[in-house]
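Please open the model in a viewer with the chains coloured separately. The stops below are given in the order in which they may be selected.

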There are 4 protein chains.
Amino acid sequence: MYQEKINVILSECHSVLSLISEESTRCLIEKITTANKIFFVGVGRVMLSLQAIAKRWSHLGMRTHVVGEITEPALEKGDVLIVGSGSGETLFPKAIAQKAKTLGAYVIYIGANVESTIAGLADLIVRFHTNTKFNREDEIKSKQIMTSLFEQSLLLYGDLVSMMIVEEKKIDIKGLWEYHANLE
Amino acid sequence: MYQEKINVILSECHSVLSLISEESTRCLIEKITTANKIFFVGVGRVMLSLQAIAKRWSHLGMRTHVVGEITEPALEKGDVLIVGSGSGETLFPKAIAQKAKTLGAYVIYIGANVESTIAGLADLIVRFHTNTKFNREDEIKSKQIMTSLFEQSLLLYGDLVSMMIVEEKKIDIKGLWEYHANLE
Amino acid sequence: MYQEKINVILSECHSVLSLISEESTRCLIEKITTANKIFFVGVGRVMLSLQAIAKRWSHLGMRTHVVGEITEPALEKGDVLIVGSGSGETLFPKAIAQKAKTLGAYVIYIGANVESTIAGLADLIVRFHTNTKFNREDEIKSKQIMTSLFEQSLLLYGDLVSMMIVEEKKIDIKGLWEYHANLE
Amino acid sequence: MYQEKINVILSECHSVLSLISEESTRCLIEKITTANKIFFVGVGRVMLSLQAIAKRWSHLGMRTHVVGEITEPALEKGDVLIVGSGSGETLFPKAIAQKAKTLGAYVIYIGANVESTIAGLADLIVRFHTNTKFNREDEIKSKQIMTSLFEQSLLLYGDLVSMMIVEEKKIDIKGLWEYHANLE
């Protein structure tokens with residue numbers, strides 16, 4: 001039962017990651033590696049996955065910020081905002097995305113609902129074929145609780161992107177600790 | 001290159017999860033489903049994975065708390081403390097684990113180093129065979145950055161445990177939203 | 001210059017606190033000491049003052065929660081939501097207040113703008129006569145930066161309320177550590 | 001009773017602030033306005049006051065970071081670490097202060113216990129004459145709960161320092177919003 005559940009989770013993650021458009025991923029990498037600052041917004045466990053991504057990418061030398069963090073700077077024209085939201089309609093991320101657009105941000109939507117408000121205003125969409133309440137045909141039907149699959153594959157996707165950047169830029173992994181918090 | 005990296009990450013996660021002792025997992029489930037309160041401690045991205053677990057388990061009806069959260073209650077005798085630390089020597093979690101023992105907590109160590117200080121004082125060890133600086137023979141050599149593999153498999157493990165609890169207790173997944181934050 | 005600035009800050013705080021309606025404070029105390037759960041919402045430094053209040057009140061035995069915290073429970077009918085917002089129009093608190101009303105919460109607005117949207121839907125208003133962009137005649141003109149005066153007096157007000165509860169309920173201050181986080 | 005309590009709190013805050021050495025404050029301002037980065041560490045409500053200070057000072061153009069924040073950068077030689085701790089012995093801040101010293105940080109201790117471990121390793125001490133468990137003669141005996149007085153006066157002190165910097169550097173307060181988070 002334990003081994004079987006591992007397979008359920010990992011094969012669901014595999015399906016989600018495999019179906020993500022490589023072209024979108026390429027655009028995302030192009031944008032985040034050239035942007036001045038990158039902001040992240042989401043709620044709940046989605047936010048936690050985004051925070052993990054923000055942290056790792058900062059180790060790669062990018063200037064990342066989580067919306068709502070104590071020392072959040074001002075978003076400036078040309079900065080990137082990454083919005084994580086399965087439904088694409090979550091209240092807080094939606095409001096932030098709208099505000100960011102008026103400030104001239106490049107908005108990247110990561111989520112499952114390409115017909116949502118957030119998808120509608122985004123400059124780039126990275127679609128995850130995870131389950132939504134719409135039960136669309138091309139969605140992966142997850143056996144997991146709530147939106148666990150989205151949160152898991154979001155974390156894995158961020159780390160996948162990190163690996164690709166490391167390879168492309170020939171970054172020495174051992175040297176990465178330079179940007180890493182060193183007080184703990 | 002993209003598809004290949006998916007396989008690298010997922011097969012590493014598969015190795016870690018498969019090697020976790022089912023008996024330890026069984027003990028962990030027994031403990032957390034009967035404990036009065038469950039506390040979590042870790043740092044950085046490990047903490048983020050633990051927070052995601054704390055959040056999901058609270059949806060299953062458990063009283064979970066993250067050490068350092070604003071409204072953290074007092075730990076009482078018999079409460080469970082889950083310590084996530086790859087090395088088993090991280091300063092803050094180690095100090096908290098030591099303090100928790102003196103207060104009568106049941107300490108569960110989740111990490112890679114069974115010969116560490118935290119492992120030494122734990123009542124239960126859930127070993128992850130992830131990479132450490134010791135390069136032990138039975139460790140999985142990860143191709144990923146820093147300790148990404150530990151953070152990923154920790155999140156997945158927490159969700160695996162959730163699935164097992166849902167199945168054992170025949171919890172109706174659709175009813176789970178009752179405990180879920182409903183303000184956003 | 002240093003001593004003079006102390007007087008500026010403290011006399012501004014004194015003005016704000018003195019002008020708060022004692023009757024509103026009485027109602028607030030009645031509500032929070034009988035509510036099942038109390039939620040707090042705000043942003044930025046206002047949120048930090050609210051978190052400090054949430055923490056202290058939890059030491060007095062109340063069940064307090066900060067909106068957005070990892071293990072936030074569901075808000076139930078009859079629970080109290082305290083909304084801190086100088087302008088009464090801050091986007092996120094406003095949206096949360098609206099949602100809370102539909103869930104049957106008793107909403108308390110603490111802020112400077114009694115004609116705001118949040119004030120309009122609140123069951124109880126605790127008005128702070130701090131500066132707003134409207135420059136109303138009965139506002140205190142602060143010499144401080146941005147909305148510092150609101151954030152300061154909010155923290156002090158929360159602690160004032162704590163003192164009143166301690167006195168009324170004859171709580172033994174030395175016994176308060178029972179509810180205090182004890183891991184650090 | 002309400003008005004009387006206001007006086008208790010504000011006169012206690014006045015005593016604490018008045019007794020802080022102006023020379024120490026001058027040194028602190030000199031250091032923080034010339035440092036490359038400023039880190040803050042504390043726990044509980046002390047941490048919340050420090051976060052409020054970090055936020056406001058970032059509006060004045062300083063690069064401030066809270067130890068433990070998701071995107072915390074590496075501390076470099078010459079950076080400043082501000083440690084808030086009434087007792088000067090709090091476990092986590094003490095450990096961080098010790099680590100920071102080895103990394104070449106300039107450590108500023110803000111607290112009540114000049115004979116503490118943290119005070120001992122600090123390069124600069126800003127003493128608050130707030131209550132400690134030692135009941136020293138020159139301590140202010142507070143009528144408030146726990147260490148509320150320290151947390152309150154810490155917040156007010158940070159804002160006092162902000163006012164002094166604004167005046168000295170002739171900063172246009174209205175222009176401060178440039179550095180302010182603008183997404184909410």
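Two strands pair if DSSP finds at least two bridges between them; strands (E, at least two residues) and helices (H or I, at least four) are DSSP runs, numbered from the N terminus. This is a predicted model, in which local features need pLDDT of at least 70 and side-chain atom pairs count only at pLDDT 80 or more, while totals for chains, interfaces and linings use all residues. Residues are numbered from 1 along each chain as its sequence is written, and chains are lettered from A and ligands numbered from 1 in the order in which they are written.

Begin with strand 1 of chain C, residues 38–41, which forms three parallel bridges with strand 2 of chain C. Within this pair, Ile38(C) is opposite Thr64(C).

Now extend the selection to the whole sheet of chain C: an open, parallel arrangement of five strands in the order 2-1-3-4-5.

Next, select helix 3 (residues 44–59) of chain C, which lies across strands 1, 2 and 3 of chain C (contact: C-beta atoms, placed from the backbone, within 7 Å). Helix 3 of chain C runs at about 160° to strand 2 of chain C (axes are lines fitted to C-alpha atoms, for helices over the stretch in contact, and angles run from 0 to 180 degrees between N-to-C directions).

Finally, turn to chains A and B, where 39 residues of chain A are in contact with 39 residues of chain B. Helix 6 of chain A gives the largest share of chain A's side, 11 residues.

Conventions
Contact = placed C-beta atoms within 7 Å.
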